[in-house]
Amino acid sequence: MIDPDGRRPYKWKLPYSDSAVGEPRWRPPYPPGDPRHPPVKARRGHFDHVRVGTRAFSAANAFATVRCVLEIWEHYLGHRIVWFFRDREHRHLELIPRAETDNAWSGEGFLEFGYSIPRRRGRRRSAPAWLCENFDVVAHETGHLILKSIIGNPTASKKTLEYRAHEEGAADLVALIACLHFDHVVGRLLANTRGRLFSRNMLSRFGEASRGAQIRSAFNSATIWSPSVATAEAKYDTHAFSKLFTGGAFDVLVEIYEQYLVRRGAIPAGLARESKSAIAIAIDRASPAVTHRRFRQLRRTFAVHYARAPEKFRLALLDARDDFGHLLAKTWARTSVDDFPGRDRPHGNERLPYSGVVANMIAADRALGGRYGAIILAAFRRRGISPRPGRS
Ligand SMILES: [Zn+2]
């Protein structure tokens, strides 16, 4: 953890990454003699004396978030994560809580975070909102490093759109699973949705209010035939292309959760069958009026069951979170850079995107007892993604 001062005329350190292209222009380590703030000191092992809004708070919060996300994912992986950039000169991850950028960056040996200036009523500017204080953003960037450490990190020119987009989506899932480890988040999510997670909610929306333009919904109906996905592919837009994978994975999580709800007697099996993902609703092709009516009916029915046994809903969500976390960890452990040859490569044109990683997910599920194979197949097939033959 280093909290550097900026060099004039900048108040904050210039980022390692060039904001325009996202490529690093210099690398850690931060020069040892350059100006920096002293480390935040613990009082009897605690940091709760640190005041919100201070630099010290930014630093302590960023460090705590990265540590927390790492511990959660090391638990699911079953081993310590060795950084992909680790060598004799770069033994540690350098964490910069405040840098002169409007984005958050992860790279070889560093994580660093900038700020946005929220506008109030059109013109009055308020204090900067530091991205290092947004759990989703820090967890997502940590996710990039975890994924490169497990799957591999080819040179920039070898990274296909599919490789990059999978990492974007997977980093969102790393953050999603991590935030479900907070009782407050789980409680609020279930209270707001009355337990109906196939909806737009705080879990299915990423990076809320942090990077306005980059809010993505995991509750989406993107398929390989969607015009927005074709445009994302043509424009090499990794975030938009990731929706396909994240959407399918989110559907798997919610289907697992609803299976637990039925098993715990929280909802009848018929209600779980009626509760559908965004893509399943789109495939039904019902009129907007009919879809709306079904939605209202589902919301009311879920509310009745939730009011009877909120604790069963909470336990079902925690079970689903852990099964899904283990499933993803085992999937990624089986995944390598070769699983993302990309359609932009020679001989790759006939391939479906994400077919390698979906095949790995089915193999991972089998290794974990084979409970969710049918759910995984259905969730991705609806989006036009079939597992690569020969691997599942
Ligand atoms: Zn990202």
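Two strands count as paired here if DSSP finds at least two bridges between them. With that in hand, let's walk through this predicted model, starting with its sheet.

## A three-stranded sheet

Three elements come together here: 3 strands form an open sheet in the order β1-β3-β2, with mixed pairing. The edge strands are β1 and β2, each of which pairs on one side only. Direction ignored, neighbouring strands of this sheet are turned by 5 degrees against each other on average.

Strand β1 (residues 94-96) runs parallel to β3, and 3 bridges join the two. Along this pairing, glutamate 94 has phenylalanine 110 of β3 as its bridge partner, while isoleucine 96 is partnered by glutamate 112 of β3. Strand β2 (residues 104-107), by contrast, runs antiparallel to β3 and is joined to it by 4 bridges. Here serine 106 stands opposite leucine 111 of β3.

## The hairpin and strand β3

If you trace the chain from β2 to β3, you will find a hairpin with 2 residues between the strands. Glycine 109 sits in the turn and has a positive phi of about 95 degrees.

Which way do the side chains of β3 (residues 110-113) point? Phe110 and Glu112 point one way, Leu111 and Phe113 point the other way, and all are buried.

## The zinc site

For the metal, look to His140 (NE2), His144 (NE2) and Glu168 (OE), which coordinate the zinc ion at 2.1 to 2.2 Å. Along the chain, the donors follow the spacing H-x3-H-x23-E. Histidine 140 belongs to helix α2 (residues 135-151) and glutamate 168 to helix α3 (residues 161-179), so this pair ties together parts that are 28 residues apart in sequence.

Are histidine 140 and glutamate 168 buried or exposed? Both histidine 140 and glutamate 168 are buried.

The crossing of α6 and α12 is right-handed.

To see the contact for yourself, select Phe245, Gly248, Ala249, Asp251, Val252, Glu255, Ile256 and Gln259 of α6, together with Ile375, Ile376, Ala379 and Phe380 of α12. The residues of this contact divide into 8 nonpolar, 2 polar and 2 charged.

Notes:
Residues are numbered from 1 along each chain as its sequence is written. This is a predicted model: local features need pLDDT of at least 70, side-chain atom pairs count only at pLDDT 80 or more; totals for chains, interfaces and linings use all residues. Side-chain values use heavy atoms; hydrogens and water are left out. Donors are N, O and S atoms within 2.8 Å of the metal (3.2 Å for Na, K and Ca); water is not among the atoms, so sites may look incomplete. Buried means under 20% relative accessible area, exposed over 50%, partly exposed in between (1.4 Å probe, protein chains only). A crossing is left-handed if the near helix is turned anticlockwise from the far one by less than a right angle, and right-handed if clockwise. Contact means heavy atoms within 4.5 Å. Ala, Val, Leu, Ile, Met, Phe, Trp, Tyr, Cys and Pro count as nonpolar, Asp, Glu, Lys and Arg as charged, and the others, Gly among them, as polar. Axes are lines fitted to C-alpha atoms, for helices over the stretch in contact, and angles run from 0 to 180 degrees between N-to-C directions.
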